[in-house]
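Biologist: Please put the model and its sequence up. I have some questions to go through.

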Amino acid sequence: MGNDVLVLGGGVGGTIVANLVAKEAGDRANVTVVDATGVHLYQPGFLYVAVGQEKPSALQRPERQLLRHDVSLVVDRATRVDPAVALRYE
């Protein structure tokens, strides 16, 4: 039986965690990222925008392009996390 791993947010951390977990777990887990926009913004690059060395559009990518093929993406807002439900799966 597989496990479900849910990652909330497709920022730098969420994207890296989802990809690493999917790679390590293989078929033992289903990894899903929930992101409100489906667009990844490389926030560390904002420094270069502030000093005129980069354009904001260069720091955006569709989140799907950055995720492994075996990671699912749900473009929606997480409105609630219910720990009681999550604990049933431990």
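Biologist: What relative accessibility does R68 have?
Modeller: A caution comes before the value: this is a predicted model, where local features need pLDDT of at least 70, side-chain atom pairs count only at pLDDT 80 or more, and totals for chains, interfaces and linings use all residues. Residues are numbered from 1 along each chain as its sequence is written, and side-chain values use heavy atoms, leaving out hydrogens and water. Buried means under 20% relative accessible area, exposed means over 50%, and partly exposed lies in between (1.4 Å probe, protein chains only). R68 counts as partly exposed, because its relative accessibility is 29%.

Biologist: Which residue forms a salt bridge with R68?
Modeller: A salt bridge needs a side-chain nitrogen of Lys or Arg within 4 Å of a carboxyl oxygen of Asp or Glu. By this rule the count is 1. Here the closest N and O atoms are 3.0 Å apart. The partner of R68 is D70.

Biologist: Is D70 buried, partly exposed or exposed?
Modeller: Look at its relative accessibility, which is 31%. So D70 counts as partly exposed.

Biologist: What accessible area do V12, I16, L20 and Y42 have together?
Modeller: These four form a nonpolar patch on the surface. Patch residues have over 30% relative accessible area and no salt bridge; like charges are joined within 9 Å, nonpolar side chains (Val, Leu, Ile, Met, Phe, Trp, Tyr) within 5 Å. Accessible areas come from the Shrake-Rupley method with a 1.4 Å probe, and for residues only the protein chains shown count as cover. Together the area is about 370 Å².

Biologist: Why is strand β2 largely enclosed by the rest of the structure?
Modeller: Strands are DSSP runs too (E, at least two residues). β2 spans residues 29–35. β2 is largely enclosed because of how many of its 7 residues are buried: 6.

Biologist: How many bridges join β1 to β2?
Modeller: Two strands pair if DSSP finds at least two bridges between them. β1 (residues 3–8) and β2 run parallel. The number of bridges is 6.

Biologist: What hand does the β-α-β crossover have?
Modeller: The chain crosses from β1 through α1 to β2. Point the strands away from you: if the path from the first strand over the helix to the second runs clockwise, the crossover is right-handed. This crossover is right-handed.

Biologist: Which residue of β5 stands opposite T32?
Modeller: β2 and β5 (residues 71–75) pair in the parallel sense over 5 bridges. Opposite T32 stands S72.

Biologist: How far apart in space are V7 and T37?
Modeller: V7 is found in β1. V7 and T37 are 30 residues apart in sequence. In space, C-alpha to C-alpha, the distance is 14 Å.

Note on methods: Helices (H or I, at least four residues) and strands (E, at least two) are DSSP runs, numbered from the N terminus.
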